[in-house]
Amino acid sequence: MFDFLIPWLPMIGAGVAWMVTICLLILGFIGTLVPFLPGHLILFFAAVGHWLMLRDDSGVEWWTFVALGFLLVVSQVMEFMSGAIGTRWFGGTRWGAAGALIGGIVGIFFMPFGLILGPLIGSMLCEFVFAKKEVRPATVSGVGSVLGTLAGLIIKVIVGVVMIVWFVVDVIWI
């Protein structure tokens, strides 16, 4: 009854694989913009899923998985450390950097404002309580954590775009 579909099955399968891959790439890019979606992990799984669905016809090489995995790790480290790096950059102490890191982790549970307020409050609080800093230096340290967090978010988006471009270049041109 459906024998006429047999010659078309490979093309239908490749079309479905490409639709799934493109949907995952779009969702992964959105995840780099939206804090509660693991965008880089979704981008990595888009490449893995594409390879699993098409195998030899996928065009994905082993070094792409290595590069995407490395970029995934770099983006996650930068996302968690950016507030602490900003605090240190603006003259904060180790206590302020630790407070920004802890505040960023706690801030995840109070989306979306917690991502900005968590490092700010954590850095300022630790500078006041543990480093015994005055109001102005503690505030500068807290503002540094906010600017570092924003820089981390920008880096996160840039890394996501690099991951997408890397995958597309590997699949299409190489």
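This is a predicted model: local features need pLDDT of at least 70, side-chain atom pairs count only at pLDDT 80 or more; totals for chains, interfaces and linings use all residues.

Trainee: Rings first, then. How many aromatic pairs does the structure hold?

Mentor: There are five aromatic pairs. Take Phe44 and Phe65: their ring centres sit 6.5 Å apart with the planes at 75°, so that pair is edge-to-face.

Trainee: And where do Phe44 and Phe65 sit in the chain?

Mentor: Phe44 is in helix H2 (residues 39–54) and Phe65 is in helix H3 (residues 62–89), so the pair links distant parts of the chain, 21 residues apart.

Trainee: What does Trp51 do with Phe65?

Mentor: Trp51 and Phe65 make an edge-to-face aromatic pair, with 6.3 Å from centre to centre and 85° between the planes. Trp51 is in helix H2 and Phe65 in helix H3, so this pair ties together parts 14 residues apart in sequence.

Trainee: Which residues do the ring pairs link into a cluster?

Mentor: The cluster is made of Phe44, Phe45, Trp51 and Phe65.

Trainee: Why does Phe44 count as buried?

Mentor: Its relative accessibility is 18%, and buried means under 20%. Trp51, on the other hand, has a relative accessible area of 28%, so Trp51 is partly exposed.

Trainee: What is Phe44 in contact with, leaving aside neighbours within four places in sequence?

Mentor: Phe65, Leu68, Gly69, Leu72 and Met163. As for Leu25, which is 19 residues from Phe44 along the chain, the two C-alpha atoms are separated by 8.9 Å.

Trainee: Switching topic: how do helix H4 and helix H5 cross?

Mentor: The axes of H4 (residues 94–107) and H5 (residues 114–129) come within 6 Å and cross at roughly 150°. The crossing is right-handed.

Trainee: Which residues make that contact?

Mentor: From H4 you have Trp95, Gly96, Gly99, Ala100, Gly103, Gly104 and Gly107. H5 brings Gly114, Leu115, Gly118, Pro119, Gly122, Ser123, Cys126 and Glu127.

Trainee: What's the breakdown by class?

Mentor: Five nonpolar, nine polar and one charged residues make up the contact of H4 with H5.

Trainee: I spotted Cys126 in there. Is Cys126 buried or exposed?

Mentor: Cys126 counts as buried, because its relative accessibility is 14% and the cut-off for buried is under 20%. Cys23 is exposed, with a relative accessible area of 52%.

Trainee: How many disulfides does a search of the whole structure find?

Mentor: Zero disulfides turn up.

Methods
Residues are numbered from 1 along each chain as its sequence is written. Side-chain values use heavy atoms; hydrogens and water are left out. A disulfide is a pair of cysteine sulfur atoms within 2.5 Å. Buried means under 20% relative accessible area, exposed over 50%, partly exposed in between (1.4 Å probe, protein chains only). Axes are lines fitted to C-alpha atoms, for helices over the stretch in contact, and angles run from 0 to 180 degrees between N-to-C directions. Helices (H or I, at least four residues) and strands (E, at least two) are DSSP runs, numbered from the N terminus. A crossing is left-handed if the near helix is turned anticlockwise from the far one by less than a right angle, and right-handed if clockwise. Contact means heavy atoms within 4.5 Å. Ala, Val, Leu, Ile, Met, Phe, Trp, Tyr, Cys and Pro count as nonpolar, Asp, Glu, Lys and Arg as charged, and the others, Gly among them, as polar. Rings of Phe, Tyr and Trp (its six-membered ring) pair if their centres lie within 6.5 Å; planes under 30 degrees apart count as stacked, over 60 as edge-to-face and the rest as tilted.
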